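Me: I am new to this structure and would like to learn how to read its features one at a time. Could we look at it together, beginning with the strands and ending with the helices?

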Amino acid sequence: MNIYIFDMDGTLTLSRQKMSKDFSFRFLPWIKSHLAYLAAGSNYEKITEQLPPDVVSSFSGIYSSMGNVFHQKGKEIYRNEIKLNKELLRKLEAYRKNTLYEGEVFGNYLELRPGMLNFSVLGRSCPFAEREKYYQWDKINLERETIAKELNEEFSEYEVSLGGKISIDIVAKGCGKEQVARKIRELHPKDKIIFFGDKTLPGGNDYSLAKALFEVGNSQVVTVSSPEDVLKYLKI
């Protein structure tokens with residue numbers, strides 16, 4: 001039997017967008033006949049905003065906040081928390097203040113979730129058009145990549161990776177998505193695991209899970225760039 005794991009933003013949905021009706025129509029019959037888990041950087045509340053209730057209830061389990069919270073059939077099974085270094089917070093404030101991005105910045109730039117901190121120079125309260133504007137600027141200027149690299153070098157107790165289009169995810173060492181690989185392998189010791197994610201390369205917030213799956217063995221990683229890629233791979 002194959003066990004499936006899906007990232008959400010950039011994989012099952014466009015970044016911070018609701019699952020499209022067409023995707024849901026095609027995906028729902030498939031997931032009802034397969035054993036699948038969700039492994040998202042978003043918190044559980046955002047997941048339930050973006051995915052239809054019948055899709056949410058069809059997952060065998062949902063790992064949110066980089067695997068630091070686990071739900072089954074709407075019930076929270078466990079959660080981890082994170083301790084934040086004050087110097088790290090000061091550093092994030094400095095990045096925000098000294099950004100070279102010339103566009104407007106918005107609120108909610110530090111979002112504490114169970115077991116993780118999400119940081120965005122732009123601010124998560126931005127309109128969608130501003131999100132895309134910053135994303136295109138960042139692809140050229142690599143601000144997020146530079147911030148993540150510097151933080152990983154200075155704060156060895158944390159793991160920092162790119163998340164979505166405008167932010168970075170910060171977790172305690174060993175408390176990123178890689179923990180999902182260990183937990184699912186414990187639940188399914190002999191089955192093949194197939195993981196779909198859009199940020200599976202080094203520096204992305206799916207990379208630690210992809211790497212951990214290769215370490216636990218009998219696993220496959222499918223790198224996608226859109227929900228349409230998922231449908232093509234699953235042939236649905």
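Me: In which sense do strand E2 and E3 pair, and over how many bridges?

Reply: Please keep in mind that this is a predicted model. Strand E2, which covers residues 35–39, pairs with E3 in the parallel sense, and the pairing runs over three bridges. Within this pair, Leu38 stands opposite Ile62 in E3.

Me: In which sense do E3 and strand E4 pair?

Reply: Here the sense is antiparallel, again with three bridges, and strand E4 takes in residues 69–72. Tyr63 stands opposite Phe70 in E4. Between the strands of the E3 and E4 hairpin there are four residues, and in this hairpin Ser65 takes a positive phi near 50°.

Me: Which residues point one way from strand E3, and which the other way?

Reply: In E3, residues 61–64, Gly61 and Tyr63 point one way, whereas Ile62 and Ser64 point the other way, and all of them are buried.

Me: Is Phe70 buried or exposed?

Reply: A residue counts as buried when its relative accessible area is under 20%. Phe70, which lies in strand E4, is buried because its relative accessible area is 6%. Leaving aside neighbours within four places in sequence, Phe70 is in contact with several residues, among them Tyr37, Tyr63 and Tyr78.

Me: What of His71, and which residues does His71 touch?

Reply: His71 is also found in strand E4, and at 8% relative accessibility His71 counts as buried. Not counting residues up to four places away in sequence, His71 touches Tyr44, Gly61, Ile62, Glu76 and Ile77.

Me: How should I read two helices that pack together, and where do the axes of helix H4 and helix H6 stand?

Reply: Two packed helices are described by the angle between their axes and by the distance between those axes. For helix H4 (residues 86–97) and helix H6 (residues 143–154), the axes come within 12 Å and cross at roughly 160°. An angle over 145 degrees counts as roughly antiparallel, so H4 is roughly antiparallel to H6. The crossing in which H4 passes H6 is right-handed.

Me: Which residues meet where H4 and H6 come into contact?

Reply: From H4 come Leu88, Lys91, Leu92 and Tyr95, and they meet Ile147, Glu150, Leu151 and Glu154 in H6. Sorted by class, this contact of H4 with H6 has five nonpolar and three charged residues, with no polar ones.

Definitions and conventions: Residues are numbered from 1 along each chain as its sequence is written. This is a predicted model: local features need pLDDT of at least 70, side-chain atom pairs count only at pLDDT 80 or more; totals for chains, interfaces and linings use all residues. Side-chain values use heavy atoms; hydrogens and water are left out. Buried means under 20% relative accessible area, exposed over 50%, partly exposed in between (1.4 Å probe, protein chains only). Two strands pair if DSSP finds at least two bridges between them. Contact means heavy atoms within 4.5 Å. Axes are lines fitted to C-alpha atoms, for helices over the stretch in contact, and angles run from 0 to 180 degrees between N-to-C directions. Angles under 35 degrees count as roughly parallel, over 145 as roughly antiparallel, 65 to 115 as roughly perpendicular and the rest as oblique. A crossing is left-handed if the near helix is turned anticlockwise from the far one by less than a right angle, and right-handed if clockwise. Ala, Val, Leu, Ile, Met, Phe, Trp, Tyr, Cys and Pro count as nonpolar, Asp, Glu, Lys and Arg as charged, and the others, Gly among them, as polar.
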